[in-house]
Amino acid sequence: AIGISCGGPLDSKKGIIMSPPNLPGWDNVEIVRLFKERYGVKTVLQNDANACAMAEWKFGAGKGCDNMIFLTFGTGLGAGLILGGRLYSGTNDNAGEVGHIRLDKFGPVGYGKSGSFEGFCSGGGIAQLGYTMALSSLEKGKCPLYFKEGMKEAEVTAATIAEAAGKGDK
């Protein structure tokens, strides 16, 4: 058997990846069918946060729990939910997609939503926020370690911001 996990949106019942923001061009890809045809074995698809929640619940810190949440922080922000001793994925595989909650009217963009939880917590959102904060700092005559005057937004990353923070840059 083959198990595939991927960030959403997706349809785990039909085995289709439906345009996740970190996989441009993956629009309604019938990944389960493609793998079944290629390898001839049972294949299933699950949201990455849900797959991680299941693994943690079965084998990790969540073992023995009836209710738990597993949060993913990466290119996006998601959650896998174990409720009443079962994986809860919701009506259309969107339960736990906490990254889409809007925390503020303005802020970094996550999955097309300015000020979303994902915008503030994802790697891309942290980079956006860092770029904006760097420009603001330059106006005050200061420059963060991760930034050089004239840098483009795409040149600032969560990794360079984390590295600067590790060196004491507030």
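**Surface, fold and charge pairing in a predicted model**

The protein chain exposes about 10,300 Å², of which carbon and sulfur atoms supply 57% (Shrake-Rupley method, 1.4 Å probe; for residues, only the protein chains shown count as cover). The model is predicted, so that local features need pLDDT of at least 70 and side-chain atom pairs count only at pLDDT 80 or more, while totals for chains, interfaces and linings use all residues. Residues are numbered from 1 along each chain as its sequence is written, and side-chain values use heavy atoms, with hydrogens and water left out.

Five helices and nine strands are found in the protein chain (DSSP runs numbered from the N terminus: H or I of at least four residues for helices, E of at least two for strands). From the N terminus on, the order is β-β-β-α-β-α-β-β-β-β-β-α-α-α. The C-alpha trace spans about 60 × 35 × 30 Å along its principal axes. Of the 170 residues, 31% are buried (under 20% relative accessible area; exposed is over 50% and partly exposed in between, with a 1.4 Å probe and protein chains only). Among contacts (heavy atoms within 4.5 Å) between residues at least 6 apart in sequence, 36% join residues at least 24 apart.

The chain carries 18 positive and 17 negative side chains, and the centres of the two sets lie 4 Å apart. In this count Lys and Arg are positive and Asp and Glu negative, without His and the chain ends; each charge is placed at NZ of Lys, CZ of Arg, CG of Asp or CD of Glu.

Three salt bridges are present in the structure (a side-chain nitrogen of Lys or Arg within 4 Å of a carboxyl oxygen of Asp or Glu). Arg 33 pairs with Glu 30, with the closest N and O atoms 2.7 Å apart. Arg 33 is partly exposed at 38% relative accessibility, and Glu 30 is partly exposed at 37%. Arg 33 also forms a salt bridge with Glu 37, at 3.0 Å between the closest N and O atoms. Glu 37 and Arg 33 are four residues apart in helix α1 (residues 31-39) and therefore separated by about one helical turn. Glu 37 is exposed, at 56% relative accessible area. Through shared partners, salt bridges join Glu 30, Arg 33 and Glu 37 into one network. A further salt bridge links Lys 167 and Glu 163, the closest N and O atoms being 3.5 Å apart; Lys 167 is exposed, at 60%.

The structure holds zero disulfides (pairs of cysteine sulfur atoms within 2.5 Å). For Cys 65, the nearest cysteine sulfur is that of Cys 52, 16 Å away. Cys 65 is partly exposed at 30% relative accessibility, and Cys 143 is partly exposed at 41%.
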